Amino acid sequence: MLKGDKNKNGTYEKQPVIVQGITGKFGSIHTKLMLEYGTNIVAGVTPGKGGQKFEDVPIYETVKESVSATGAKISIVFVPAKFFLEAAKEAFEAGIKLLVAIPEHVPVRDTMQAIEIAKQNNAIMVGPNTPGIIIPNLIKIGIMPASPFAEGNIAVLSKSGTLLYEISNSLTTSGFGQIFTLGIGGDPINGTRMIDAFDMIKDKSELDGVVIVGEIGGEAEETLAQHIMDIEFKKPIVAYIAGRKAPREKRMGHAGAIIMGNYGSAESKIAMFSKANIPVAKRPTEVPILLAGKIRKK
Amino acid sequence: MRLLEYQAKELFKEYNINIPDSISSTDIEKGRQDAKKIGYPFVIKAQVPVGGRGKAGGIQKCHNEDEFELNYSQVLNMSIKGEKTRAILLEKMSEYEKEIYLSLFLNRSKRCYTVIASAEGGVEIESVKNQIIRDVGLGEVSKKIAAEIAKEIGFDGATSTHFVDILQKLSKLTIEKEAELTEINPLVVLKDGSLLALDGKIMTDDNSNFRHNELLKYREQTELEAKAEKSGFSLVELDGNIAVVGNGAGLVMSTFDMLSDNGGKPACFLDVGGGATEESVYEALTLISKMKKVKAILVNLYGGIVKTTIVASAFIKAYDNNLIDLPVYARLMGAEADKSKIMLKDTKTKMFDSVEQAINGVVMEVTKTG
């Protein structure tokens, strides 16, 4: 869906994207940066500013108007957390099929309701509290800096934003470009879970390997490791887990990064990965080394 | 927020879930008065935001004044898993027939609420055997499902009716207060077949605090944590002497892990958020300057969009304004790193190309100064 179809010249057609909250503080900065990257932003939505333009992008009053004018099926949303549920509902009801949800601090209950509405409308949500998605050299729907990423054949799936940049940068400088990178977000409930993100890319023939960047809290990593064993996925995978030394029962920055009893501990995740024969790096810079080892062995 | 037992019980009371007679206090004077009201025998329970207090000696029976005088001060002054006792709960002892486990929690992998119940309660959830598990969507537990669970536990007659009632009230509480976990462990069956919540644990969603002014009185925040939150940072204070600062929760956790691997002891976890600006770094240094135990600062910033020179000028400003006099070991990834190094040349901030180097440096520094 993100890539679009190849046209006659063999290049991909750029998928139209709308920005909800285009004139806000973050919305405006990142709209500019996404445009610079080459993302095809066709419309913005800010109530009260319909009819105006931002960086030559027309602004509409509602998502519905922007969708009927442009046919866009993808939206990235920048609104304060309190208004997120309303914005997500509006997007899905207007026909958006992929919603990239940037806001941090969205109440869990609102996220769960947004996921329900997405399901009813046959749509997907990434986030909230996600840095977004990037297919290097093609499309960036998110707030990540462009510099860490380069085109290639490794997929990177991450709970954390800055670790996604850090590890992608480490991969890039070691010669491992990326085919797809996605931040699932640091919240307890994610529109797209680790396992869902993995399923999006697992069957791509060009894929050479997968890097999973996890952190303490929940059991997304354990579930994914089990899934990888169940489907007997054979391509090289390397993982990294942040929070090995974090104290228990304290939220470490992300709403979802908390160990309750043994639930969500790094030990549990590392044990499951090693059961699935997935090496876990101790430092971000160790990721490309382990990946190179796995690829060579193949 | 993680509510203390007595706070959870206040909410249980508000939702008409039966609890034993109990009163909380923070000094022995008040405790003595409470003892008179409750009457011997009773238990005194340490109020700490962490599990396992029974094993640690945080629950003591008192049959008379002597035992009370001895136990009260001891429990009040104890720390359990690094957490100081916040208050003491005096609670009437109850005679009961059976202990049950009951909780409703946010099931992160299934993305719904799940009820867990067991006829074998009174132990920590990991050890609870024969768990009865039901997924309940956004948290609403119907009479039918509650009755099924009651039957599986082995309840009938009046006890079954009581159980259905309590589970539905717990469900209402979970939904209305936006809790990620509500747990009654143990829920006990009394001789007359009625049920009583002997212990309670509630975790609410911090991100929903703006809708719950009524819960803010339970909020526990140090002055520094409150300041950090105001700046949009997240701060966890710890016992060590090296302040760990970075942008993005994952990156700070990662830095924290590597520092600990190398023998460093973190004094705090400080995440200044995804971006890094001159203001946010200066603000972070202001917070750290108020932590007395800090001997050195470890900074790990993945700039991306931000120029490192801007961050470097925040350090210089902090030294110029006498905000800090501490050595800083920094790794600033981003544009113009060479220029930043020149800017910081004659300051106490050392810049490194890799976080590993910065960590080695800071651990050596702290070891040197003791």
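Predicted model: local features only at pLDDT ≥ 70, side-chain atom pairs only at ≥ 80, totals over all residues.
Leaving aside its neighbours within four places in sequence, which residues is Ser94(B) in contact with?

1. **Chain A as a whole.** Chain A is built from 9 helices and 14 strands. Its radius of gyration is 19 Å, close to the 19 Å that the globule rule gives for 298 residues, so chain A is as compact as a globular protein of that length. Along the principal axes, its C-alpha atoms fill a box of roughly 55 × 50 × 30 Å. Buried residues account for 56% of the 298 residues. If you look at contacts in chain A with a separation of 6 or more, 68% of them come from residues 24 or more positions apart.

2. A parallel case to inspect is strand 5 (residues 74-77) with strand 6 (residues 98-101) of chain A, joined by 4 bridges. Within that pair, Ile74(A) has Leu98(A) of strand 6 as its bridge partner.

3. Another open sheet of 7 strands runs in the order 9-8-11-10-12-13-14, and its pairing is mixed. Strand 9 (139-142) and strand 14 (280-281) of chain A are at the edges with a single partner strand each, so one side of each is left without a neighbour in the sheet. Strand 13 (residues 237-242) and strand 14 of chain A run parallel and are joined by 2 bridges. In this pair, Ala239(A) stands opposite Val280(A) of strand 14. Helix 7 (residues 220-230) of chain A packs on the sheet, touching strand 12 (209-215) and strand 13 of chain A, and its direction makes about 155° with that of strand 12.

4. **Two domains in chain A.** Domain 1 gives 10 residues to the contact and domain 2 gives 6 residues. On the domain 1 side, the elements giving two or more residues are helix 4 (108-120) and strand 7 of chain A. Helix 4 of chain A supplies the largest share of that side, 5 residues. By class, this side of domain 1 has 9 nonpolar, 1 polar and no charged residues.

5. **Chain B as a whole.** Chain B has 11 helices and 19 strands. Its C-alpha atoms fill a box of roughly 80 × 50 × 35 Å along the principal axes, and 44% of its 370 residues are buried. Of the contacts in chain B between residues at least 6 apart in sequence, 66% join residues at least 24 apart.

6. **Ser94(B).** Look for Ser94(B) in the loop between strand 7 (87-92) and strand 8 (96-107) of chain B. To answer the opening question, beyond its neighbours within four places in sequence, Ser94(B) is in contact with Pro20(B), Val188(B), Leu196(B) and Leu198(B). Ser94(B) has 13 C-beta neighbours inside 10 Å and therefore counts as partly exposed. Pro41(B) is 53 residues away from Ser94(B) in sequence and 9.7 Å away in space, C-alpha to C-alpha.

7. **Where the chains meet.** In all, 42 residues of chain B are in contact with 44 residues of chain A. On the chain B side, two or more residues each come from strand 14 (234-237), helix 7 (249-261), strand 16 (266-271) and strand 17 (296-307) of chain B. Helix 7 of chain B gives the most, with 11 residues. By class, this side of chain B has 17 nonpolar, 12 polar and 13 charged residues.

Key
Residues numbered from 1 in each chain as written. Chains lettered and ligands numbered in written order. Contact = placed C-beta atoms within 7 Å. Nonpolar A, V, L, I, M, F, W, Y, C, P; charged D, E, K, R; others polar. Rg over C-alpha atoms; globule rule 2.2 N^0.38 Å. Buried ≥ 20, exposed ≤ 12 C-beta atoms within 10 Å, placed from the backbone. Pairing = 2+ DSSP bridges. Axes fitted to C-alpha atoms, helices over the stretch in contact; angles between N-to-C directions.
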